[in-house]
Amino acid sequence: MEWNVNNAFKTYKEMEPKAMMDMALVPQSDPIDIGLGSSVKANSAPPKRKKTMTSVYLKYFETAPDSKTRKCKFCGQSYSIATATGNLGRHLNNRHPGYDKAVDVVTSSVPQTPPVLQVVVKPSQSQSKAPQLDYDHLNWLVLKWLALSSLPPSTVDERWLGNSFKFLNPTVQLWPAEKYKAVLHEIFRSMRGDVKTSLEHIQSKVSVTLSFWNSYENIFYMSVTGQWIDGNWSSHRLLLDICRIPYPSGGSEIYNSLLKVLKIYAIEDRVLCCTHDNSQNAIQACHSLKEYLDGQKVLPFCYIPCAAQTLNDIIDEGLATIKPIISKIREFTQELNASIDLSDDFIQLATAYQEGNWKLPVDASSRWSGNYQMVNILCKAGKSLDSVIRKNEDVLENRMILSSAEKNAVTIVHSYLDLDSFHKTTNDMCTNKDLTVGLALLFMDNISEMITTCQKSCHNPDWLRTCAENMALKARSYNTQVCNVFTYITAILDPRIKTEYIPETISLESYIDEARTHFLRNYSSPHFTSSMTSGYRPQDIDEGGGGNISFAEEIARRKRRGSMSSNVVDELTQYLSESIVPMQTDVLDWWKVNSGRYPRLSNMARDFLAVQATSAAPEEIFCGKGEENDKQKYCMPHDSTQSVLCIRSWIEAGMKLKFKSTEIDYERLMELAATVAADNSAGGLDKNQHK
């Protein structure tokens with residue numbers, strides 16, 4: 001069976017090597033076509049070549065510019081121009097068996113992209129002919145691998161990657177890195193158009209989150225992610241852009257870049273809230289954006305700090321004194337994870353001392369999850385730790401031995417700061433699928449109470465009370481920033497929280513009245529009433545046109561509107577008067593079921609529940625996963641960062657990879673790959689049986 005395509009599909013295998021290189025360097029203003037298909041016009045068909053008596057072997061060799069040598073197009077082996085063609089034939093037979101069934105490397109055509117990618121398999125013309133690999137299909141699979149692995153296009157220029165492919169098949173030809181880069185840029189532009197189209201059809205408000213990092217090239221980046229809830233009460237999260245923030249990368253530059261992204265997607269008049277990473281530059285940028293949006297007289301806009309980042313900063317303050325000790329334990333743990341002998345010793349000793357069952361490798365990351373594990377090893381498996389170090393002093397050296405004072409300091413922090421409770425909180429934040437702002441406020445309020453308890457304890461040493469005071473400062477800063485009516489509204493619209501679990505720090509008496517005012521002003525008009533909800537709508541009672549009406553009719557309409565407004569207020573009052581629901585309740589499912597009871601309040605809930613409590617996924621802040629993401633971002637070159645990271649996010653969100661208007665059918669490509677592999681395997685088995 002042969003991999004091939006219909007007459008509207010020409011692949012990259014039909015191009016000459018020189019033509020392939022030239023196409024990869026075409027400027028982005030005139031994007032390249034890369035073998036998804038072509039429909040060559042009749043008047044552009046190349047003229048037929050006259051047959052010559054030239055040896056058939058020469059088509060597989062390339063003549064050097066100096067006309068003194070010939071080079072094999074498969075492996076690059078060079079021969080003198082005077083070498084007999086018989087020697088060239090022996091080279092092909094010995095080094096590249098089956099070369100005559102391989103790609104025709106001398107024909108050339110200029111492909112044009114069809115509207116739809118259609119890949120078909122033609123039946124082989126003879127049962128003995130082995131299936132052949134379409135190398136454009138292979139290159140598209142490699143391209144998706146680069147995107148999903150967050151690898152730069154230069155990866156394909158690695159010599160041994162190409163050698164690995166050639167080991168399997170000497171005729172494999174990967175695209176050059178420049179071509180992968182150009183194709184990725186074109187895919188980014190195509191898929192960004194789809195993202196923009198999807199945002200245009202959103203009926204609810206959009207909230208955004210910001211995160212920042214520096215690359216190895218010392219370039220400052222910002223990611224902008226949008227979140228919204230659709231009419232079916234499904235939550236959506238989509239990376240909008242990766243922005244390169246120009247020098248000096250302050251609040252003004254961040255603001256300009258953020259506003260540009262909002263305008264590109266035409267959502268600047270629909271953005272409700274921005275969750276930032278707590279940095280001063282981000283706060284300044286959000287403040288400037290609020291001033292701009294207020295000046296445009298669009299709907300109110302707010303910005304809040306990241307709860308997970310705040311909690312991480314609080315924990316860092318608590319561990320500040322014992323960080324050097326944690327580093328020493330981490331050094332031991334890394335040795336433990338790397339050595340089978342040390343691992344066996346530790347597990348056996350932990351069992352003998354009844355110090356728990358430990359799963360190796362132990363998390364040794366520098367994030368909170370790793371720091372917690374380091375403290376746990378010392379506090380819960382201290383005897384096993386000491387015994388392994390002493391038994392292997394020649395390997396581990398004396399630098400890992402902890403003094404009594406160091407052990408005591410770690411024990412005090414673990415006990416009096418109640419690190420187990422901190423870990424339970426962060427673990428719940430990482431695993432909870434409904435981490436609303438209301439739930440985050442509940443967590444942060446509990447953390448504040450724990451810190452206060454530590455401050456008031458008369459048994460703590462002075463250095464620990466100092467740590468607790470620094471932790472309290474971080475907590476108060478967060479509470480100050482979230483103390484506003486918009487955060488209050490977002491919290492009470494969580495049916496698990498309502499007003500019952502609102503922290504006292506933001507539960508001002510005036511907020512409930514302000515919430516009602518905001519509800520009446522912005523969610524009782526026809527513009528904000530979803531056609532999907534049940535119950536009456538304002539437009540239902542606004543019968544008649546704007547023509548001449550009697551004064552009595554005007555009075556009647558005002559009465560009806562007044563009655564409607566009272567009913568609207570009753571929705572919020574009735575909702576808050578009902579008992580809270582269990583914590584395991586799916587918030588969006590609850591609103592989906594109850595939107596008929598609260599047709600207007602549910603519109604408000606759909607907007608505000610999309611507000612994010614954290615600027616990044618909590619596991620990226622607390623766990624080792626964040627370290628892996630940071631490494632990938634740090635190592636990405638500036639000419640690929642935007643396209644690769646955005647494409648990866650969009651694919652993971654379920655969007656189809658597209659080149660121009662063509663959707664790449666990867667499922668079909670994988671089916672073809674499996675078919676070719678199976679046929680090749682069957683062909684090899686038949687050949688062995690006939691020996």
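Guide: Let us begin with the term polar contact, which is a pair of N or O atoms within 3.5 Å, where, inside a protein, one atom must be able to donate a hydrogen and the other to accept it. Please also keep in mind that this is a predicted model.

Visitor: Where does Arg367 lie?

Guide: Arg367 lies in the loop that runs between α10 (340-352) and α11 (368-380).

Visitor: And why does Arg367 count as buried?

Guide: Arg367 counts as buried because its relative accessibility is 17%, and the cut-off for buried is under 20%.

Visitor: What is Arg367 in contact with, leaving aside its neighbours in sequence?

Guide: Once residues within four places in sequence are set aside, the contacts of Arg367 include Glu620, Ile621, Phe622, Cys623 and Gly624, and also Gly626, Glu627 and Asp630. Ile621 is 254 residues away from Arg367 along the chain, yet the C-alpha atoms of these two are separated by 7.3 Å.

Visitor: Let me zoom out. How many helices and strands does the protein chain have?

Guide: The protein chain has 27 helices and 12 strands. Of its 691 residues, 47% are buried, and the chain exposes about 34,100 Å², of which carbon and sulfur atoms supply 51%. If you take the contacts between residues at least 6 apart in sequence, 74% of them join residues that are at least 24 apart.

Visitor: Which residues touch the most other members in the largest nonpolar core?

Guide: That core has 100 residues, and the ones touching the most other members are Ile322, Leu419, Phe422, Leu493, Trp591 and Leu601. Helix α16, which covers residues 437-456, gives the most to this core, contributing 10 residues. There is also a second, separate core of 66 residues, and among its members are Ile254, Val261, Ile647 and Leu657.

Visitor: New topic: what is the strand order in the open sheet of 5 strands?

Guide: The order is β8-β7-β6-β9-β10, and the pairing is mixed. The edge strands, each pairing on one side only, are β8 (235-245) and β10 (302-305). Direction ignored, neighbouring strands of this sheet are turned by 25 degrees against each other on average.

Visitor: How many bridges join β9 to β10?

Guide: There are 4 bridges joining strand β9 (residues 271-276) to β10, and the two run parallel.

Visitor: Which strands does helix α5 touch?

Guide: Helix α5 (residues 177-200) packs on the sheet and touches β7 (220-229) and β8, with its direction making about 130 degrees with that of β8. Helix α6 (residues 251-264) packs on the sheet as well, and it touches β6 (206-214), β7, β8 and β9.

Visitor: What about β3, which of its residues are on the covered face?

Guide: On β3 (residues 69-72), Arg70 and Cys72 form the covered face, while Thr69 and Lys71 form the uncovered one. In a regular strand, the side chains alternate between the two faces of the sheet.

Visitor: How does β3 pair with β2?

Guide: Strand β2 (residues 61-63) and β3 pair in the antiparallel sense over 3 bridges, and in β3 the bridge partner of Thr63 is Arg70. Their hairpin has 5 residues between the strands, and in that hairpin Ser67 takes a positive phi near 60 degrees. β3 also pairs in the antiparallel sense with β4 (residues 78-80), over 3 bridges.

Visitor: Last stop: where does Thr585 lie?

Guide: Thr585 lies in the loop between α21 (551-577) and α22 (587-594). A polar atom of the Thr585 side chain lies 2.8 Å from the backbone oxygen of Pro582, and, not counting residues up to four places away in sequence, Thr585 touches Asp434, Arg496 and Trp590.

How values were computed. Residues numbered from 1 in each chain as written. Predicted model: local features only at pLDDT ≥ 70, side-chain atom pairs only at ≥ 80, totals over all residues. Heavy atoms only, no water. Core = buried A, V, L, I, M, F, W, Y, C linked by side-chain atoms within 4.5 Å. Buried < 20%, exposed > 50% of the residue type's maximum accessible area, 1.4 Å probe, protein only. Pairing = 2+ DSSP bridges. Axes fitted to C-alpha atoms, helices over the stretch in contact; angles between N-to-C directions. Contact = heavy atoms within 4.5 Å. Areas by Shrake-Rupley, 256 points an atom, 1.4 Å probe, with all protein chains shown as cover.
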